[in-house]
Amino acid sequence: MASLKEFDHGVTLMNRIARLASVLLLTAGSFPLAANAITQVVQFNVLNASATLPTAFNVGDNLRLDTLVTSQVGALLQAITFTVGANVDSLIGEAAWEVNTVDGTGPRLSGVNIDIVDASDAVVISDTFLGTLGGFAISGLSGSI
């Protein structure tokens, strides 16, 4: 089993209502993509949440995390536990989350970190921050498992 952990160290939200939009997409590798690939979607509406996916990921399958929090403020800690099929040897992923400036009225996330950990909680893959575009921060993940 592997687990995806997305967390934010010390969120500062400028609004009384925290509006967080986070999308994470992971693709199980070895390529080429399988014609029968599936997408498993997890939706959270609270800052601290976890889910376990019952179906193992196969080559070309996708995980999508969609988070919108409108009634809480504070630190974000979300985890998704999943397994991968025997033929999966790598993962490729992207994440994007809405951001705003310090003096803006929207969400202000800082210190976001996304890790893929194994069953013993050892980090296997960690994200790399890629920058911002159009009001969204973007991060990427890639590596062997």
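**The core and an aromatic pair**

Modeller: V42 touches A51, L53, L63, R64, L65, D66 and I80, leaving out residues up to four places away in sequence; touching here means heavy atoms within 4.5 Å. Keep in mind that this is a predicted model, where local features need pLDDT of at least 70, side-chain atom pairs count only at pLDDT 80 or more, and totals for chains, interfaces and linings use all residues. Residues are numbered from 1 along each chain as its sequence is written, and side-chain values use heavy atoms, with hydrogens and water left out.

Colleague: How many residues does the largest nonpolar core have?
Modeller: A nonpolar core is a set of buried (under 20% relative accessible area, 1.4 Å probe, protein chains only) Ala, Val, Leu, Ile, Met, Phe, Trp, Tyr and Cys residues joined through side-chain atoms within 4.5 Å. V42, L53, L63, I80 and W97 have the most contacts inside the largest one, and its residue count is 19.

Colleague: Are the planes of F57 and F82 stacked or edge-to-face?
Modeller: Rings of Phe, Tyr and Trp (its six-membered ring) pair if their centres lie within 6.5 Å; planes under 30 degrees apart are stacked, over 60 edge-to-face, the rest tilted. Here the centres are 5.4 Å apart and the planes at 85 degrees, so F57 and F82 are edge-to-face.

Colleague: Is F57 buried or exposed?
Modeller: F57 sits in the loop between β4 (48-52) and β5, and G85 is in contact with it. Its relative accessibility is 4%, so F57 counts as buried.

Terms used
Buried means under 20% relative accessible area, exposed over 50%, partly exposed in between (1.4 Å probe, protein chains only). Helices (H or I, at least four residues) and strands (E, at least two) are DSSP runs, numbered from the N terminus.
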